[in-house]
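Hi,

Here is the structure I promised to pass on.

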Amino acid sequence: MKNRLLDAGDVVINWARKYSLWPMFFGLSCCFVEKATALTSRYDMARFGAEVLRPSPRQADLLIVSGTVFKKIAPVVLRLYEQMPEPKWVISMGSCSNSGGMYDVYSVVQGVNQILPVDVYIPGCPPRPEAVLQGLVQLQEKIVSTEKPARKVFHLGGGTQGTVAPLLVDGHTKTRDSRGTGYQGMPLRGSSATPPHFFDNRSHLMWTPPARRIELTQGDQSLAAVMSGRFPGSVNQLPHTSDMMTFTVQENSLKDVLRFLKHEAEPRYRRLDDLTAVDESARSDEASFTMIYQLLSLDGPARIRLKVRLEGEEPVTKTITDLWPSANWYEREVYDMFGIRFDGHPHLRRILMPHNWQGFPLRKKYPGRATEMPPYTLEDAQREQPLDAAEFLSLGRRNEKDKDPFILNLGPHHVSTHGLLRCMASLDGEEITRLELDIGYHHRGVEKIGERQTWHQFIPYTDRVDYLAGAANNLSYVLAVEALADIRVPERAQVMRVLLSELFRLSNHLVYFATFAHDVGAMTPNFYTFAEREMILDVVELITGGRLHPSWFRLGGVAADLPDGWKEAVDAFVRIFPRRLREYENLITKNPIFKARTEGIGRLSLEEAIDWGVTGPNLRACGLEWDLRKKFPYSGYENFQFDVPTAAGGDCYARYLVRVEEMRQSLKIIEQAAASMPSGRYVTDDYRYAIPPREDMLTAIESLIHHFINVTRGPRIPRGEAYAATEVPRGEQGYYVVSEGLGHAYRMRIRGPGFANVQAMPLMARGESVADLIAIIGSLDYILPDIDR
Amino acid sequence: MQPISDGAMLSPWEPGIFSLVLFGLLVLAFIGFQLFIAHWVGEKKESREKSRVYESGVIPTGTARLPLPVPFYMVAIFFLLFDVEGVFIFAWAVVFRELGWTGWLQMAFFIIVLLVGLAYIWVKGGLDWRESHRSK
């Protein structure tokens, strides 16, 4: 009798639980976008009883680990899991969370099941929203078919509920080898071809034409003359470059040269575009590094690169934070990744890796793969804790007698931080007196991966650098390689690239619109704009076959020709969208609450924006008409009619206005691209670099050989370096590729717009109230993978 | 609107002590049952992490017992003050006709005093509770 009652109790309790799962609002990276999409109108996860994402673990019983589990965030993931009440379930969503996926890299845990029990795995990279729904249904089935909760609920001993799956241990119950079990002892393909270990690389046997050579402009030539006159002996102009004027500078005169370029040169180079380093040890005999300083002139427009050679195992050079405040984070990153110290830097410490990390990952000797390191275990996740917020805020405090501030910690897991960002504010009442940021929770080591994947293999990684900008990311990368190898892209491919990039700009801005409005309390747009975003993704899917990460651009073109029916799909969207946008604007643009929350909040002056390297819509919101599509036209943007919207004031509202207007301009570009799509090839016939289309590969032996080489060891890109930047939805994203004439890059540097934009956030937040911080975060539109890379 | 002065409109005061006690006991029992069910039913696993304060997934800094400046406290106090004064004005509105011009004059004086007080607070910056806004 008792057992029968309990069995009936099991059925009732399981039925109730099955339809009232409460997932936590928890996302790590790309996958979370698809998880959130599953909540919106088209997919409507509420139908399955998992209605609202709960912001706190206390209110949730389902943890969907959506995205890459980084070693820096793993302790947080574990804590959130432990802080959930009983019973609780775990779904691991996406390849990264399942096994590390394509990120077999030093900073990524190779599967969340090493630190948490997992009930259901959802495969995919990222899984579609439908896959999330299926995962949820599978969990429901698991609850109904295997759990006996009544005994647990009434404390009768026995029974099962919640997740009981065991933790997996590498080498015993799981293998981290992405090829599966049984391959122990066989080297992973690709790693042995990476310097400094590999000798007699077959790429050396191939011939390619030398790297592209550019003609310097009149302005560059006169500047070069002035510089060699002013700094005789200490600056040397490189004779051949593929992208911009480049000098090597003696270390001791670097600061004078930079000061000259910033304040006196004609034109003035007012922005520090990028600052990074290259470990030379694998291509030269002695241990040494090259510092790369890249400046940009807004008046020119022109770019210039300075290279400084540093000798020794632990080199030290002078900081330039007194010239450009934005150098602060860049120098910390160089220190973190290369171990180069900067004399006079205000607080030189790690920025991307955890504070107690050993070694400098971008050094050539450092192991690139997580599978070359010991597995990350539960004990690691319990031991390695993020630093206390007070330690960040006490750094640089003038005197210890300052009254004890009230410390507010926001993130890394927080609904309003839009990703794994940790903000620590010291407050006076509700007013922010100081804001410190901790980044690196999303460091995927993609620059290191770029040094081992072949030139073609790396393309999918670029998609994931800004996971809301999809194919637009590919463009910066392929442009850089094309600039270096002088690959000509057919006109049709160029317009197709523009079409895709602008579709993604729209889709990104629609997410921005919804989340920003949501951040300041207007929840409605979320449910509307995602409908149009789905329309865009349908078009993208029709053309490319993918949604978030199509990986569709190729060296020399795109992956495939446009399919039948693309024009109708694009036209239908172009017809519908303006009316919808007007509707959304009616909701928000003149909304008095929205204006009160955003107007005059988080101001950034134009001077500050330039000094801090702020780019994209955030820069244009300060009143400067600066858009790479106009200033350094690429991929044929010069053939399109569109305006560059700007706004005045540099506050949250201005940032919003710029983006709304950008949607209209993007639509104009899409319309023109669709109307004037040229005929011709979709990929270059220069098969030395491009992957030949299948028809050619199957019919011509030359193409077959090229195909074989380009997909296996990769095309040999000539020795040299090139930088290319594009205007992605968030700002200027640049790729600096250095080639040693191998099938993969020697150094792959990514300049993400978010890194500079977010570094300027404390400027905007100081003196504002806590609630305004959320508005500022929402208005900035950053994304973590491009900050942490 | 008719002033509510007629006592017949309110229900008569007829205390039934038995039904009150019974009702009270039922309420107490119901609440007790709910609290007991919520407390007893369900599995509980105590752990150090679970009993730790939730702070965006990191270990919180310091304790929650610390002096915290509450600058809008002045605004709150002023609100309370004027709110209470409002009670007098409502009461006056009810007997507006009975009091006539004398009452009007007295209340006008009262309201003017309040307004002067409000203006004084305003001018003194008592309503700007944020430091930076005061200095701007």
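Chain B has five helices and zero strands, the pattern along the sequence being α-α-α-α-α. Helices (H or I, at least four residues) and strands (E, at least two) are DSSP runs, numbered from the N terminus. Buried residues make up 2% of the 136 in chain B; buried means 20 or more other C-beta atoms within 10 Å of the residue's own, with C-beta atoms placed from the backbone.

Before going on, some housekeeping: this is a predicted model, where local features need pLDDT of at least 70, side-chain atom pairs count only at pLDDT 80 or more, and totals for chains, interfaces and linings use all residues. Residues are numbered from 1 along each chain as its sequence is written, while chains are lettered from A and ligands numbered from 1 in the order in which they are written.

Over in chain A, there is an open, antiparallel sheet of three strands in the order β16-β17-β18 (strands pair if DSSP finds at least two bridges between them). Its edge strands are β16 (720-728) and β18 (747-751) of chain A. Nine bridges join β16(A) to β17(A), residues 731-739, and A:Val728 stands opposite A:Gly731.

Then the largest nonpolar core: 234 residues, with A:Val69, A:Val77 and A:Ala480 touching the most other members. Such a core is a set of buried Ala, Val, Leu, Ile, Met, Phe, Trp, Tyr and Cys residues joined through C-beta atoms within 7 Å. Helix α15 (491-519) of chain A gives the largest share, 16 residues.

Cheers

Notes
A residue is buried if 20 or more other C-beta atoms lie within 10 Å of its own, exposed if 12 or fewer, and partly exposed in between; C-beta atoms are placed from the backbone.
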